Amino acid sequence: MLRITGRHFCQFLTEMDNLHSQMKYGFPKMKSPSMVVTEYDSGGAVLLYRSVRKGYSHYLMGQLLQIANDFYHLPLEVTILKEEHEETPYCTTFRLDFRNDGFMQDMLQRRAGFNRTSLPSFTLGKLFRLFPFGIVLGPELKIRLAGERILQMLGKEMLESDFLDHFTIQRPHVKLSWEAMMMFQSVTWEVESKKLPKINTTNVMMPDGSYKSNTLSCVSDICQEGASDYKPTRRGSSQAPWTGERSSLESSRGLLLKGQMYILKESNIALFLCIPLLNNLVEMRETGLFLNDLSMHDLSREMVLSGWHHCSRLQIMYNRAEEDSNKLEDAYMKVEEAKTRADDLLYSMLPRQVADILRQGKNPLETCQAFEEVSVLFAEVALTEDQDLTHTVNKVYQTIDNITDQYSVFKVETVLGVYMVVGGAPEYQPDHCAQLASLALHMVRQSEECKTHNLRIGIHVGPVVAGVVGMKLPRYCLFGDTVNTASRMQTNSQVGKIHISEICAKHLEKFNFVTTFRGKLQIKGKGEMNTYWLEGRKESAKSSWK
């Protein structure tokens, strides 16, 4: 298809909009761009590219470079002259440098041929005998003259009135203006009348010998009275009794016209030379047209008789396909929403960096890392016998979860009444100990405000190995003596207190936290250890440290 689009590369560029117009039936969801050659010379051309999608300019440049090389054997250089991305459609102006001598010679020969031929003058009225659906526009976009068939169908009152009062532009997707018509002369135009065509009437003899007007409803009466196999119908119905063919005008608002907008500069007028888009004989009868109303020099008769695809039936199929595509897009959005919820759940169970590794299909062992120093916190909800375990723990954990999200730490797990948090893993933070200490103080302060004095917290600093364990229910786990020591700090703590190790206290002194020496304690599995209470943070540090 690309090879036969144009004899020269410049002709290929001018035909791209027409090519997209034909492709829309095969790709109903395609939002085709517009490409217009605004200037050309022997050294290349200027191309105006417009699209409702942003960011495709360089993609187009690559396509043009490849097409010029593969199909036209031309070296091509592309330069962006101007970009307008403030509003849609997004516009980009390119300068294309290539050998354009062949196209320029063809244009000169064509003009020379026109200049040699001398024809006698004739009126536009005679021209419209050849183009009975043609329309003449002035620079002010008023209809100066129209073909006899278009006047017969839409009314003579359209003369000397604005074109847009009677028609809407289907293609190209531009605001109608004199400049737009000059720019898009090489593009196929499609317009639709805003009102339904008037139906011609002739007299038809009825079975009883009387005469009635030959409209579609009268033909239905004939079929109803003269043949029991047929059912009455009317304009806009889906079945025509005399052919068995379906009509597609039921969803059409007016007459569709397709053709070329040609500017006569010496006369300062625009000629819209067009033909009606009709699907079959049923639609022809519904619009009041007959075969002799259509020109013989074009293919409008063959379009009706053969049911070509440039017709309103295909337009209906296009609209239905677009509806299906919109439904598919809605379903896709729902899938994306479900995926987002699943991602949120996954990231709440595993660190984002670790979860992304597993989503790539890698082995969980690849997530294992050794950290020289992290901070580990254990917090236990101390319950009394008269408290509801499930209700109380769930309420406290929801509160702690909201607090944890405010700091650069990761919640590892909750087991029974114990809440475990790590700072500095899986993404290392230089202030991991300070982050975890601030979290612990926040947790104690929140428990006091909620009048649930039932938290016992312990913190320790040291090396760990971290990674994902398990396949069916993967968990991000920490291994090492640091975890055990942090757990011992918590079990030896007191309600409403934060119990920390000596190394943790030394780290927190650097960040102006206040600690008090608790004393030497016998820690199970560790022996005698110096431990401390975390009391708070100095007032001067609260405003400077984040």
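1. In this predicted model, strand S2 and strand S4 (residues 90–97) are paired in the antiparallel sense, with 8 bridges between them. Within this pairing, Tyr49 stands opposite Thr92 of S4.

2. Strand S2 also pairs with strand S1 (residues 34–41); these two run antiparallel and are joined by 7 bridges. A hairpin of 2 residues connects S1 to S2. The bridge partner of Val37 in S2 is Leu47.

3. How many residues of strand S2 (residues 44–51) are buried? The strand is mostly covered, with 8 of its 8 residues buried. Gly44, Val46, Leu48 and Arg50 point one way from S2, while Ala45, Leu47, Tyr49 and Ser51 point the other way, and all are buried. Both Leu47, the bridge partner of Val37, and Tyr49, which stands opposite Thr92, belong to the latter set.

4. On the surface, Leu345, Met349 and Leu473 form a nonpolar patch, and their accessible area together is about 310 Å². Leu473 is located in the loop between strand S16 (455–469) and strand S17 (475–479). Leu473 counts as exposed because its relative accessibility is 60%, the cut-off for this class being over 50%.

5. Glu140 occupies the loop between strand S5 (135–137) and strand S6 (143–146). Is Glu140 exposed or partly exposed? Its relative accessibility is 39%, so Glu140 counts as partly exposed. Glu140 and Asp162 are separated by 22 residues in sequence, and their C-alpha atoms are 8.1 Å apart in space.

Terms used:
Residues are numbered from 1 along each chain as its sequence is written. This is a predicted model: local features need pLDDT of at least 70, side-chain atom pairs count only at pLDDT 80 or more; totals for chains, interfaces and linings use all residues. Side-chain values use heavy atoms; hydrogens and water are left out. Patches are made of residues with over 30% relative accessible area and no salt bridge: like charges are joined within 9 Å, nonpolar side chains (Val, Leu, Ile, Met, Phe, Trp, Tyr) within 5 Å. Accessible areas come from the Shrake-Rupley method with a 1.4 Å probe; for residues, only the protein chains shown count as cover. A salt bridge is a side-chain nitrogen of Lys or Arg within 4 Å of a carboxyl oxygen of Asp or Glu. Helices (H or I, at least four residues) and strands (E, at least two) are DSSP runs, numbered from the N terminus. Buried means under 20% relative accessible area, exposed over 50%, partly exposed in between (1.4 Å probe, protein chains only). Two strands pair if DSSP finds at least two bridges between them.
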